[in-house]
Amino acid sequence: MGFATDCIHAGQEPDPTTGAVTVPIYQTSTYVQEELGKHKGYEYARTHNLTRRTLEKNLAALEGGHDAYCYASGMAATQAVLTLVKAGQRVVVSDNVYGGTHRLFTKILAQYGVEFAFLDASDPAVFEEQAGEFQMLWIETPTNPLMKICDVRRLAALAHRKGALLVVDNTFMSPFFQRPLALGADVVVHSTTKFLNGHSDSVGGVAVVRDEALARWLQYVQNAVGAILSPFDSWLVLRGTKTLHLRMPRHEENACEVAPFLFNHPKVERVFWPGFPDHPGHEVHKHQATGFGAMISFELGSLAAARRMLGRVRLCSLGESLGGVETLISHPATMTHAGYTPDERQRLGITDGLVRISVGCEDADDLVRDLEQALAAV
Ligand SMILES: Cc1ncc(COP(=O)(O)O)c(C=O)c1O
């Protein structure tokens with residue numbers, strides 16, 4: 001089936017009891033059993049929930065995976081995937097990943113004897129030289145918030161030569177624009193909170209895999225740890241994915257108006273967006289994705305300038321998160337990437353003057369007007 005058909009139908013059958021076209025919210029903690037050991041395949045809701053399972057099948061289809069497992073947040077999905085490595089093993093991570101990912105890896109999982117190394121994976125030649133041995137390679141592409149592009153095919157080949165897994169956090173692109181499993185990745189992670197849900201009204205995460213053995217492990221972890229996505233959140237994300245193919249082109253169309261506006265504005269020093277032909281990752285991105293997405297970062301030069309601008313936006317909502325139909329604007333240094341130390345942020349180029357915008361689905365003219373009046377305060 002085509003992508004749009006999969007968005008609307010994959011994994012979903014009319015409800016067998018009533019014929020309801022929309023999968024019900026199975027809001028139950030347990031299931032009655034006919035006799036000991038005889039039941040309909042549903043025993044306890046941490047282990048089995050049909051609303052969640054329907055979403056998992058839908059997301060597996062959209063990412064072209066064998067199976068998918070949903071968790072209580074993007075971070076819970078990330079944590080579940082990290083159970084694929086053990087004490088004494090090494091994980092290499094593309095630098096400037098989401099601050100929460102960096103925090104989980106360095107402040108929590110490092111305590112259990114897993115070693116983490118953060119390297120610039122956007123330059124594959126240098127990366128190959130520096131990476132050393134590892135059991136997992138974790139990347140974002142574009143990276144958050146500097147929009148560096150990592151070559152998924154090349155990094156998958158490198159990881160596989162080393163007997164390692166490649167994990168791609170595909171939150172920024174969504175499977176509408178980029179399907180890392182088809183490029184060689186082993187696992188795709190999403191914060192479903194973002195474009196997949198698309199309406200800023202649910203927090204969740206998913207891990208999608210190509211391989212049956214990985215699927216069984218992630219299912220085991222989902223049940224054993226219990227950080228499951230609730231039935232209501234599962235239903236919300238399912239409703240979100242039905243319109244993913246309609247929302248994403250609109251997000252990008254608007255980004256194609258906003259990015260050049262920012263680029264040409266005298267108060268904006270630099271714009272980070274892979275859609276610009278002179279972006280260092282533009283060509284690689286074009287070969288692994290079908291669009292440039294709606295995430296743009298831009299440099300205003302100082303905290304004071306960023307504060308003035310962000311204090312003046314009216315239509316754009318100042319807040320953490322991204323991927324909603326409403327335009328969300330944020331300040332990485334004090335919000336999404338506050339978990340990095342000031343030194344780490346400085347080394348990576350996550351400056352105090354950097355602003356990140358997740359361009360929504362409003363009228364582009366209205367967005368540009370709002371940004372223009374806010375930039376006038378800088
Ligand atoms: C790229 C990326 N990955 C993972 C996460 C974590 O997801 P969640 O907030 O759903 O736990 C985020 C959150 O902002 C993110 O931006």
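I began at the ligand: one of its oxygen atoms is 2.7 Å from an N or O atom in the side chain of Thr-193. I take a polar contact as a pair of N or O atoms within 3.5 Å. The model is predicted, so I noted its limits: local features need pLDDT of at least 70, side-chain atom pairs count only at pLDDT 80 or more, and totals for chains, interfaces and linings use all residues. Residues are numbered from 1 along each chain as its sequence is written, and side-chain values use heavy atoms, with hydrogens and water left out.

I looked up Lys-194 next and found a polar side-chain atom 2.7 Å from an oxygen atom of the ligand. For Asp-169, an N or O atom of the side chain is 2.6 Å from a nitrogen atom of the ligand. I then checked cover: on its own the ligand has 390 Å² of accessible area (Shrake-Rupley method, 1.4 Å probe), and the protein covers 91% of this area.

Around the ligand I listed 13 residues (a heavy atom within 4 Å). Those that come nearest are Gly-74, Asp-169, Ser-191, Thr-193 and Lys-194. I sorted the shell by class and got 3 nonpolar, 7 polar and 3 charged residues, with Gly counted as polar and Asp, Glu, Lys and Arg as charged.

Sheet. I traced an open sheet of 5 strands in the order S8-S9-S12-S11-S10, with mixed pairing. Strands here are DSSP runs of E, at least two residues, and helices are runs of H or I, at least four, numbered from the N terminus. Two strands pair if DSSP finds at least two bridges between them. At the edges I found S8 (270-272) and S10 (317-318), each pairing on one side only. Strand S11 (residues 328-330) runs antiparallel to strand S12 (residues 354-358), over 3 bridges. Within this pair I noted Ile-329 opposite Ile-357 in S12.

Backbone. The bond between Thr-141 and Pro-142 is cis, with omega about 0°. Pro-142 is in the loop between strand S4 (136-140) and helix H6 (152-161). I found another cis bond between Asn-144 and Pro-145, with omega about 10°; Pro-145 also lies in the loop between S4 and H6. Asn-96 has a positive phi, near 45°, and I placed Asn-96 in the loop between strand S2 (90-94) and helix H4 (99-108).

How values were computed: Polar contact = N/O pair within 3.5 Å; in protein donor to acceptor, adjacent residues only side chain to side chain.
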